[in-house]
Amino acid sequence: MIAISPRLIPELIRFFAAAWPEVELDFVEGNAEELQRAVAEGELDVAFIYSLQAVPGVEILSVAASRPQFMLAADHPLAGRKSLRFADLAEEDVVLFDVPPQC
């Protein structure tokens with residue numbers, strides 16, 4: 001799970017531009033801590049982060065839901081299920097990206 005912004009931001013821009021066409025939007029990319037610090041210090045008006053990355057004292061408003069995705073081999077015993085819990089995979093070997101989720 002890397003960035004959700006390519007799926008989320010374009011629709012938000014369309015909505016915002018239609019509602020407030022006189023407002024100019026600028027964007028900054030960064031990690032969750034940097035973005036939250038910039039909001040707290042008044043450098044940014046808003047930051048899009050995963051709720052699990054929120055630091056204490058930050059007000060969170062849910063914009064979209066995101067769920068973890070698991071990829072299994074087609075012949076894996078769990079592959080036929082419609083949903084899994086983390087506990088279902090507790091004994092499985094896994095490969096994880098060494099990249100924190102970014103917004």
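I shall go through a helix, a surface patch and the surroundings of one aspartate. Please bear in mind that this is a predicted model.

Let me begin with helix H2, which spans residues 32–40. At the start of H2, a side-chain oxygen of Asn31 comes to within 3.1 Å of the backbone nitrogen of Glu33. Which residues of H2 are buried? They are Ala32, Leu35, Gln36 and Ala38. Viewed down the axis of H2, these buried residues fall within an arc of 160°, so they line one face of the helix. Glu33 and Ala40, on the other side of H2, are exposed. After H2 comes Gly42, with a positive phi near 80°.

Ile13, Phe15, Trp20, Val23, Leu25 and Phe27 make a nonpolar surface patch of about 570 Å². One of these residues, Phe15, belongs to helix H1, residues 5–19. Is Phe15 buried or exposed? Its relative accessible area is 54%, and because exposed means over 50%, Phe15 counts as exposed.

Finally, I come to Asp88, which lies in the segment after H2. What does Asp88 contact, leaving aside neighbours within four places in sequence? The answer is Leu78 and Arg81. With Arg81, the contact is polar and runs from side chain to side chain, at 3.3 Å. Leu78 is ten residues from Asp88 in sequence, and their C-alpha atoms are 8.4 Å apart. The side chain of Asp88 also reaches the backbone nitrogen of Arg85, at 2.8 Å.

Thank you for your attention.

Definitions and conventions. Residues are numbered from 1 along each chain as its sequence is written. This is a predicted model: local features need pLDDT of at least 70, side-chain atom pairs count only at pLDDT 80 or more; totals for chains, interfaces and linings use all residues. Side-chain values use heavy atoms; hydrogens and water are left out. Helices (H or I, at least four residues) and strands (E, at least two) are DSSP runs, numbered from the N terminus. Contact means heavy atoms within 4.5 Å. A polar contact is a pair of N or O atoms within 3.5 Å; within protein, one must be able to donate a hydrogen and the other to accept it, and residues adjacent in sequence count only if both atoms are side-chain atoms. Patches are made of residues with over 30% relative accessible area and no salt bridge: like charges are joined within 9 Å, nonpolar side chains (Val, Leu, Ile, Met, Phe, Trp, Tyr) within 5 Å. Accessible areas come from the Shrake-Rupley method with a 1.4 Å probe; for residues, only the protein chains shown count as cover. A salt bridge is a side-chain nitrogen of Lys or Arg within 4 Å of a carboxyl oxygen of Asp or Glu. Buried means under 20% relative accessible area, exposed over 50%, partly exposed in between (1.4 Å probe, protein chains only). The arc is that of the directions from the helix axis to the C-beta atoms.
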